[in-house]
Amino acid sequence: MADSDRPTWANSDRPSWADDLPRAAAILRRAQRVAVLTGAGISAESGVPTFRASDGLWEGHRIEDVATPRGFARDPRLVWRFYNARRANLRGVQPNPAHYALVELERRLPGDHFTLATQNVDTLHTLAGSQRVLELHGNIRRVRCSRCDYRADRQLEPLPDLPECPECGALLRPDIVWFYEPLPEAVWETAYLAVSQCDCLLVVGTSAVVHPAAGLIELAKHHDAAVIEVNLDQTAASHLADVSLLGKAGQILPQLVAASA
Ligand code: APR
């Protein structure tokens, strides 16, 4: 970044992450292979609620009721109402500067030297233009049959409370990975390999408490990669971070990516 492009802050406005930014940018600049792990926090500034905030998505819902195979077997109507409300909330939602900064970072790196693994099901990375996106927890636009192999992208169209499979008539379910379910095998293996091989793992907007996704951070450390964390607050993974940038992803990521060019 040219000196004239550097943001200047009055001392009182200077965010705490500004002091740590050059160190993180130097790590990112040196890295030949970069992996990114994102969570709900990266979409917060787009207006998508996170899960574990006091007004978050789990507030008022028992995870067991709306995000487990057992919950779906017990009361599919309740589960579909929950996901249909989330689908409706996504209409009109746009990616924010944090998503676009990751598109820019990907453009800089050759082919498989960049991998973006996301726990988000909102598809905002793809909408922003990211190419190599690994959706660890599925995709809320897609549905799949609870009995046969039918899968379809139904975008954000309104669905009935109990949508049926057009091929076999059984109940459709969101194509989302619920608690107690395995991650899609090929997606997980690709993410695991990318993180094992990266020089830098950038961890953005995740509380890092849900496994196996959060385990990718330890995996990166195990393979001597540097970890940069971007989050509003300290998280369960902060002790693994070489640099923690505490603040909003939509403000930090564009600066970080520009400063590492
Ligand atoms: N910028 C950066 N970080 C933010 C921002 C922001 N603007 N807003 C919130 N955060 C951070 C919060 O501090 C928190 O650490 O984002 C994190 C969101 O954490 P969670 O709500 O726990 O979301 P996530 O980590 O993605 O959850 C993981 O758990 O519920 C399951 O399957 C669901 O994929 C989800 C998984």
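V34 stands opposite F114 in β2. The model is predicted, with local features requiring pLDDT of at least 70 and side-chain atom pairs pLDDT 80 or more, while totals for chains, interfaces and linings use all residues. Residues are numbered from 1 along each chain as its sequence is written, and side-chain values use heavy atoms, without hydrogens and water.

β1 and strand β2 (residues 114-118) pair in the parallel sense over five bridges; strands (E, at least two residues) and helices (H or I, at least four) are DSSP runs numbered from the N terminus, and a pair needs at least two DSSP bridges. With strand β7 (residues 200-204), β1 also pairs in the parallel sense over five bridges, and there A35 stands opposite L201.

## Burial of β1

Five of the five residues of β1 (residues 34-38) are buried, so the strand is largely enclosed by the rest of the structure. Buried means under 20% relative accessible area, using a 1.4 Å probe and protein chains only. V34, V36 and T38 point one way from β1, and A35 and L37 point the other way.

## The largest cavity

About 30 Å³ of space lies in the largest cavity. A cavity is a set of points on a 1 Å grid over the protein atoms alone where a 1.4 Å probe fits but cannot get out, and lining residues have an atom within 4 Å of a point.

The lining consists of T118, N120, D122, T123, L124, H125, T126, V133 and E135. Two or more lining residues come from each of α7 (124-128) and β3 (133-135), and α7 gives the most, with three residues.

Note on methods:
1 Å grid on protein atoms, 1.4 Å probe; cavity = no way out; pocket = protein on both sides within 12 Å on 5 of 7 lines; lining within 4 Å. Points joined across faces, edges and corners; volume = space filled by probe spheres on them. Buried < 20%, exposed > 50% of the residue type's maximum accessible area, 1.4 Å probe, protein only.
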